[in-house]
Amino acid sequence: MKVALVTGASSGIGAAIAIAFAEAGWSVMAAGRNEGRLEEVADVSDSISTWAGDLEASDDCDELIADTVDEFGGLDCLVNAAGVLIRGIAEETSDDDWGETIGINLDVPFYLSRAAIPHLIKSEGSIVNIASNWGLKAGERAVAYCASKGGLIMMTRAMAVDHAAEGVRINAICPGGVDTPMLVAETEEKGEDVDEFLDDVASNSPNRRIAAPEDIAGLALFLASDAASHMTGTAIPIDGGLMA
Ligand SMILES: NC(=O)c1ccc[n+]([C@@H]2O[C@H](COP(=O)([O-])OP(=O)(O)OC[C@H]3O[C@@H](n4cnc5c(N)ncnc54)[C@H](OP(=O)(O)O)[C@@H]3O)[C@@H](O)[C@H]2O)c1
């Protein structure tokens, strides 16, 4: 059985990816902070194990990779889906906001990838980074987030070039709006109408809809599969035509 480690697996896109991989016959380590929601994800399939903890320092990331390899005997795919979105223009973005955003969205994928690479060389495996279309094209009031996702896309390309000859493939997915807690958090905080907000997001998309987390999971599974064996260093928009 192939083995995937999925971060951000307690919610939204990461949860859908963990479930999609398990349903496709993979063993999955589902990592996140919220133990209750991780257990709900693990209840879907016997192939899902959970790892609960805050990912911040490189030690946490080394431990997560080591625990995954200890439990399953190897690693075939790392999916970096954990992320945060703290809205704001530069003057509204504190040092802590900047640090947290770059930390979870860019530092953690780097630390995990660095620790995973030796195992992925053995398995000729892959990494799938969940970036954003805001890593390709700036969105308003999200300077730290856009910088972190732009960095994640270039990290994907640089690591892909370094490890292609060793058989390790590294790709990024760049979603537009996806119906998850992250997308609606600010609207909920302001007490505004969430359905109206979601309608607005959909109407801005050429195909007039918002992605479901399962749409992103399907692409992640494809990128991890042998069908994508010649794909590395890509940053693929999945956004209903928005980037077009
Ligand atoms: N939703 C969108 O419209 C959209 C669009 C483009 C890209 N993305 C990207 O897709 C990825 C998944 O986002 P989502 O929409 O599914 O968001 P979400 O539902 O808010 O999920 C975020 C996940 O990240 C985890 N996480 C956050 N900080 C963490 C930390 N310090 N340590 C460990 N885990 C942490 C959360 O864990 P807990 O919940 O357990 O705390 C949660 O599982 C993110 O990288 C996001 O930037 C989302």
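How many bridges join strand E1 to strand E2? I found four between E1 (residues 3–6) and E2 (residues 27–32), and the two strands run parallel. Before going on, I noted that this is a predicted model, in which local features need pLDDT of at least 70, side-chain atom pairs count only at pLDDT 80 or more, and totals for chains, interfaces and linings use all residues. Residues are numbered from 1 along each chain as its sequence is written.

**Sheet.** My helices (H or I, at least four residues) and strands (E, at least two) are DSSP runs, numbered from the N terminus. I count strands as paired if DSSP finds at least two bridges between them. I read the order E3-E2-E1-E4-E5-E6-E7 for an open sheet of seven strands with parallel pairing. At its edges I see E3 (48–52) and E7 (235–238), each pairing on one side only. On average, neighbouring strands are turned by 20° against each other, direction ignored.

**Around E2.** I looked up Met29 in E2 and found Leu5 opposite; Met29 also stands opposite Ser49 in E3. E2 and E3 pair in the parallel sense over five bridges. Helix H2 (residues 35–42) packs on the sheet and touches E2 and E3, contact being C-beta atoms, placed from the backbone, within 7 Å. The direction of H2 makes about 170° with that of E3, where angles run from 0 to 180 degrees between N-to-C directions and axes are lines fitted to C-alpha atoms, for helices over the stretch in contact. I logged E2, H2 and E3 as a right-handed β-α-β unit: with the strands pointing away from the viewer, the path from the first strand over the helix to the second runs clockwise.

**Ligand.** I listed 27 residues around the ligand, with Gly8, Gly12, Gly83, Thr180 and Met182 the closest; near means a C-beta atom, placed from the backbone, within 6 Å. Helices H1 (12–23) and H6 (181–189) each supply at least two residues of this shell.

**Helix pair.** Finally, I checked H3 (residues 58–72) against H4 (residues 95–123): their axes come within 8 Å and cross at roughly 35°. Ile65 of H3 and Leu112 of H4 are among the residues making that contact.

Conventions. Two residues are in contact if their C-beta atoms, placed from the backbone, lie within 7 Å.
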